[in-house]
Structures are given as C-alpha cells and as structure tokens.
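Biologist: I would like a close look at one part of this model, and then at what surrounds it.

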Amino acid sequence: MEIKHVFFDLDHTLWDFEKNSDLTFQQIFRNHQLNIELDSFLTVYKPLNLEYWRLYREEKISKEALRYGRLKNTFDAINYTIPDALIHTIATDYINNLANFNNLFEGAFELLDYLKDKYSLHIITNGFEEIQEKKMANASILHYFEQIITSESVGVKKPNPRVFEHAMQISNATPDNSIMIGDSLEADIIGAQNVGMKTIHCVFDNITKTDKNFISVTNLTDIKNYL
C-alpha cells in the first residue's frame with residue numbers, strides 16, 4: 001500500500017533542539033548573572049540530560065524529577081554552589097523560554113513544502129506538551145501538520161506501541177500507509193517498526209552511527225528520495 005501519512009518526531013528531527021537549548025541556557029545564565037562558563041556547563045549537562053530522558057522515557061522518573069535532576073547533577077558535577085530554589089527557577093525559566101528560539105534543521109521548509117500536498121503530515125513527540133505547539137508556531141511550521149500527538153496526551157512515551165497506535169487511530173492511518181521519521185533509533189524507528197510502520201532514521205550529529213538495517217538520511221532533503 002502506498003504511503004499516505006507521514007509522522008515526524010519534532011526535537012532533533014525538524015526542530016534543532018541542541019542549538020535552541022544552548023541559546024536558552026545562554027539567556028538564562030545572563031538573566032540570573034550566573035558566573036558559569038557555558039561550554040563547560042553544556043559538556044556535562046548534555047549527557048546527563050540524555051540519561052534523564054532515557055529514564056523518563058522508560059517511566060522510571062517523573063517530568064519534575066527530570067527537569068530538576070538534570071540541572072542539580074550538572075551544577076554538582078561542575079562544583080557550582082547554587083540554592084535549590086534557584087535550580088527550580090532555572091528549570092521553569094528553561095521551559096518558558098525554550099520555544100522562543102526557533103532554529104530548524106537545514107532543509108526543513110524545503111522538505112515540508114515538498115510533502116504537504118502529497119501526504120497528511122503529523123507529529124509524534126515525547127517532548128513536554130505545554131511547549132511543543134509553541135515551538136512549532138514560533139518556527140512557522142505548525143500549519144503543515146494535521147495532528148500533533150504528545151506522549152503526555154497518550155499517557156505513555158515512545159517507543160511504547162500505544163503512542164503509535166493512538167497516533168494512527170486519530171489520523172485515520174494504518175501501519176501499511178504510514179511512515180515514521182525521527183532521530184531516535186529506539187524511540188522512533190524501532191518503536192514504529194514494532195507496530196508495522198515504515199521508517200526513516202535521521203542522523204544529523206556526525207556521532208550517531210547509521211544502521212544498515214534501517215533507511216537513514218543525514219539531511220532532511222534526502223527524505224525526498226524516499227517519498
């Protein structure tokens with residue numbers, strides 16, 4: 001059956017999370033007059049953040065624990081003394097300001113313009129529900145998508161099959177006519193394939209190795225070769 005529905009992940013796939021996150025921390029540290037070298041902070045924070053997201057994805061920690069813990073552990077690791085109350089303030093400021101930055105990966109508009117008249121486009125994201133649509137609106141891509149499915153609205157997170165099944169149900173899609181495009185091999189690619197969807201793996205960081213068992217691209221516009 002031909003593809004009719006294209007489901008995208010948002011962060012790290014269309015929306016350049018790393019760049020926008022870095023700019024958010026830069027602004028927050030300036031606003032709070034924190035004497036922290038940004039690169040040193042980010043070097044420690046980024047792997048900790050990935051680990052906290054893994055625990056969150058596996059339902060082992062709450063959203064609140066993620067938002068506080070990744071900061072607390074980073075400040076401890078760089079030996080920066082900071083009151084707990086300020087950590088909570090920074091955690092809130094981060095969520096409130098992240099969507100104000102709107103960098104997309106190269107080729108995002110070109111790809112979406114190419115796809116919009118050929119397919120029904122949707123988002124499936126594990127990102128926090130309160131800011132995902134704001135990110136998309138500020139980046140001028142919200143209008144491309146018919147359905148935006150957040151894991152919080154489903155009650156479980158990718159790669160749980162219920163997320164993909166719910167997304168297809170509300171989009172009137174089936175596994176045979178759907179494809180999932182995302183950066184996470186576990187959450188997006190294997191998760192979608194486990195419910196019968198086709199997939200394209202986005203590898204943009206020059207670190208993650210491509211897997212010959214999966215279709216993968218290193219630039220968004222390369223997706224036009226498959227759709």
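Biologist: Where in the structure is the place of Gln193?

Modeller: Gln193 is in helix H9. This is a predicted model, in which local features need pLDDT of at least 70 and side-chain atom pairs count only at pLDDT 80 or more, while totals for chains, interfaces and linings use all residues. Residues are numbered from 1 along each chain as its sequence is written, and side-chain values use heavy atoms, with hydrogens and water left out. Helices (H or I, at least four residues) and strands (E, at least two) are DSSP runs, numbered from the N terminus.

Gln193 is partly exposed, because its relative accessible area is 36%; buried means under 20%, exposed over 50%, and partly exposed in between, with a 1.4 Å probe and protein chains only. Leaving aside neighbours within four places in sequence, Gln193 is in contact with Thr199 and Phe214, where contact means heavy atoms within 4.5 Å. Phe164 lies 29 residues from Gln193 in sequence and 9.8 Å from it in space, C-alpha to C-alpha.

Helix H9 (185-193) is among the elements that cover the buried residues of helix H2, as are H1 (17-31), H3 (63-77), H4 (84-98) and H7 (151-154). H2 spans residues 38-57, and the buried ones include Phe41, Tyr45, Trp53 and Tyr56. From its first C-alpha to its last, H2 reaches 27 Å over 20 residues, close to the expected 28 Å; the expected span is 1.5 Å times one less than the number of residues. Tyr45 is also where H2 has a kink of about 30°, shortly before Pro47. That bend is the angle between axes fitted to the seven residues ending at a residue and the seven starting there. Just after H2, Glu59 takes a positive phi of about 65°.

Helix H7 holds Ser151. Ser151 is buried, because its relative accessible area is 2%. Beyond four places in sequence, the contacts of Ser151 are Thr125, Asn126, Val156 and Lys157.

Thr125 is within the span of strand E2 (residues 120-125), which runs parallel to strand E1 and is joined to E1 by four bridges; two strands pair if DSSP finds at least two bridges between them. Strand E4 (residues 178-182) also pairs with E1 in the parallel sense, over four bridges. Phe7 stands opposite His122 in E2 and opposite Met180 in E4. In a regular strand the side chains alternate between the two faces of the sheet. Both faces of E1 (residues 5-8) are covered, with His5 and Phe7 buried on one side and Val6 and Phe8 buried on the other.
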